[in-house]
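Please keep the sequence and the model in view while reading.

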Amino acid sequence: MSNKILWADDEIDLLKPHVIFLESKGYVIETVNSGDDALDKIDEQHFDLVLLDENMPGLSGLETLDRIKSKHPFIPIVMITKSEEESIMEGAIGGKIADYLIKPVNPNQILLSLKKNLESKRLVSEKATTSYQREFRQISMQLQDRMNYEEWVEFYQKLVHWELELENSDEESMLEIFEMQKKEANQLFSRFIANNYSFWLNGVEEAPVMSHTLMQKKIAPSLGNQPVMLFVIDNLRYDQWRILRSALSDLYTVEKEEVYYSILPTATQYARNALFAGLMPTEIQKKYPQWWKNDQDEGGKNLYENELLTANLKRLGKDVKHSYTKITNLEKGKKLVDNFSNLLQNKLNVVVYNFVDMLSHARTDMEVIRELADDESAYRSLTLSWFEHSPLFDLFKLAAENKMRVLVTTDHGMIKVNDPIKVVGDRNTNANLRYKQGKNLNYKASEVFEVRNPRDCFLPQQNMSSSFIFAKEDSFFVYPNNYNHYVKFYNNTFQHGGISLEEVLIPYVELKAK
């Protein structure tokens, strides 16, 4: 179907060659000589875009623009003018024009503006699809290589790039091919983690930056004379960060954007305690038994993050004045915004924001959230919408206004699960769907990453026969009792605790205020 264009210009007869050129490109062009005629035409017919001369007798271009927008706010309007006065440009931009062209214009300039405003979605989709088709073979070949931990990070960043590029594509078949490629990548990454994880922790092989070394290797070196804000956004995946980054682009430049490795389990009580403590779980349990709780223990498992952070900073020689705030609801977020000036005297301010984690759990439990975030793209969109209207965004704005250095990270990611695996354990086995800790666990060894001796991976061991198992890729654990009910309830929900690219490879970012 051809796009229909209205062109309003008091010298429209002189522009006949331009009209013929655009019609040869498939556009349907209606012409008028004044703003009043343009308004009458728009009331009578539907137009996909308006080309509007700024300097016409009677109603000026800006006056016509205002009247069109008041009745038809979504029609793109391209202003065409001889004037280069800044006030006219600002008035047109304030009137939400789609483009601004200076006379004399050549036909290709106008064609470019039409394509940009009317066909950009299709053209971007086609470009992304074509580019991914060219890249597909290279990605497939890279998956056959034996990648090290740095190469896996680069590979995952590339995957996320293509996922975001393709999410608006109309080519369903290409999205299916990408999902198959990501699934293969997760299979190989799970194998990579299983083969190397304990070697990293025990110093047999060089290790990447992980939860328990992030503070030492990245955050502590960033502490200096300038106040630092550290935002730990619970459960934030790298692809979600990439979406939030766009909302922050007017406030900050990205000085450093890296990906580090969460420890196992990719669960808050393990990964976030390790992040603040600078220690693995068994090391925390041994050094600070009063601050550690196991899965089976009563009470909160992350109640001593500030104490662990303070002790860690002291060990690192960074015994600086700092604050720690955990935000678990809207009111707490608003309160911190209101009292932001109190943070300016500290060298380090840590804000733990729990909303993304709560959103993933709400999506599991509430049907309305499932419908709002039916797929990965919708879930990212929902996260961005929340962020742009949250106290967290207000805190970023205040930090930018006060020229604070800002660090952003998380404790672990999450993955959408759809492959149920049966597992049997006693009543003391923990309830997490992506990892199990207990004795006498019954499962198929080929379906999990098993850690028979938890201390090999610096994990607490409740008794001599206790072990850990971790779900790989997009699987989740279900007990045989009432199996079908729980499969239906948890299928296609976002979970964490196991091994996947999305859970393990997580963002660490350093921002500088503009």
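The axes of helix 7 (residues 149-166) and helix 8 (residues 172-201) come within 11 Å and cross at roughly 160°; axes here are lines fitted to C-alpha atoms, for helices over the stretch in contact, with angles from 0 to 180 degrees between N-to-C directions. Helix 7 and helix 8 are therefore roughly antiparallel, a term for angles over 145 degrees. Residues that make the contact (heavy atoms within 4.5 Å) include Trp 152, Phe 155 and Leu 159 of helix 7 and Phe 178, Leu 188 and Phe 192 of helix 8. Helices (H or I, at least four residues) and strands (E, at least two) are DSSP runs, numbered from the N terminus.

This is a predicted model, in which local features need pLDDT of at least 70 and side-chain atom pairs count only at pLDDT 80 or more, while totals for chains, interfaces and linings use all residues. Residues are numbered from 1 along each chain as its sequence is written, and side-chain values use heavy atoms, leaving out hydrogens and water.

Attention now turns to the strands. Strand 4 (residues 77-81) pairs in the parallel sense with strand 3 (residues 49-53) over four bridges, pairing being defined by at least two DSSP bridges. Within this pair, Leu 51 has Val 78 as its bridge partner. Strand 4 is also joined to strand 5 (residues 99-102) by four bridges, and these strands run parallel; here Thr 81 stands opposite Ile 102.

Why is strand 4 largely enclosed by the rest of the structure? Five of its five residues are buried, meaning under 20% relative accessible area with a 1.4 Å probe, protein chains only. In a regular strand the side chains alternate between the two faces of the sheet. Ile 77, Met 79 and Thr 81 lie on one side of strand 4 and Val 78 and Ile 80 on the other, and both faces are covered.

How values were computed. Buried < 20%, exposed > 50% of the residue type's maximum accessible area, 1.4 Å probe, protein only. Parallel < 35°, antiparallel > 145°, perpendicular 65-115°, else oblique.
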